[in-house]
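Me: Can you walk me through how this one packs inside? Keep it short, please.

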Amino acid sequence: MKSDQLTPILIIGFNRPSTLSSLLSKVETLGSRKIVISLDGSRSKSDELKVFATYEVAKTWAKSSHHEVNVIKRNDNFGIYKHCTQALSEFFLDFEVGIILEDDIDFRQEFVSYVDQHQFDLKKDKVQLPVFQRPNLSDIPFTKDHIEFDSNISTIIGSCILWINTLQFFDITLSWTVI
């Protein structure tokens, strides 16, 4: 599959330079694709150094990566709801389908390969894809029945509850399989 046909990835980040660095190291192993890194601004003076360090990690990686990378640094702190809403809105203006990663998530290469192979069927509503990858199920405070919806969006994210609240305002239907 050509690099311009591989599923683009949106990475949401804030003030965790080491977790972002770990994620980007793993993303670097993927086939060449478009990557958007959206970083929220600092909440206060005490956040500024970590937020700046996170931006430096993203900027440095973008310069050396084989991917086509766009780093978006927010000047103000939007908070998780507004930041995610803004980042998703901007991302899906440019791409029909994508994978969304929070900066502290671990993902499987097989998941990304699966999405890459089936993204065109996804656009035609022909396949349902697993969209949340969660390594530890013990901290989910609700049953699986509360988190199943139909979907045409492929995402891997860490905080299911917060993202459900964010994504409910989009004109989409969500579905995922915990893997």
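**Cores and a helix**

Reply: Among the 19 residues of the largest nonpolar core, I11, V27, I37 and L101 touch the most other members. Such a core is a set of buried Ala, Val, Leu, Ile, Met, Phe, Trp, Tyr and Cys residues joined through side-chain atoms within 4.5 Å. Buried means under 20% relative accessible area, exposed over 50%, partly exposed in between (1.4 Å probe, protein chains only). This is a predicted model: local features need pLDDT of at least 70, side-chain atom pairs count only at pLDDT 80 or more, and totals for chains, interfaces and linings use all residues. Residues are numbered from 1 along each chain as its sequence is written, and side-chain values use heavy atoms, with hydrogens and water left out.

Me: Which helix gives the most to this core?

Reply: α1, with four residues. Helices (H or I, at least four residues) and strands (E, at least two) are DSSP runs, numbered from the N terminus.

Me: And what does I11 touch?

Reply: Its contacts (heavy atoms within 4.5 Å) include L20, L23, L24, V27 and L101, not counting residues up to four places away in sequence.

Me: Switching to α2. Which residues are buried there?

Reply: D47, V51, T54, A58 and W61. Seen down the helix axis, the buried residues of α2 fall within an arc of 90° (from directions to the C-beta atoms), so they line one face.

Me: What covers them?

Reply: The cover includes α1, β2 and β3 (68-73).

Me: And what's on the face turned away?

Reply: Exposed residues K45, L49, K63 and S64.
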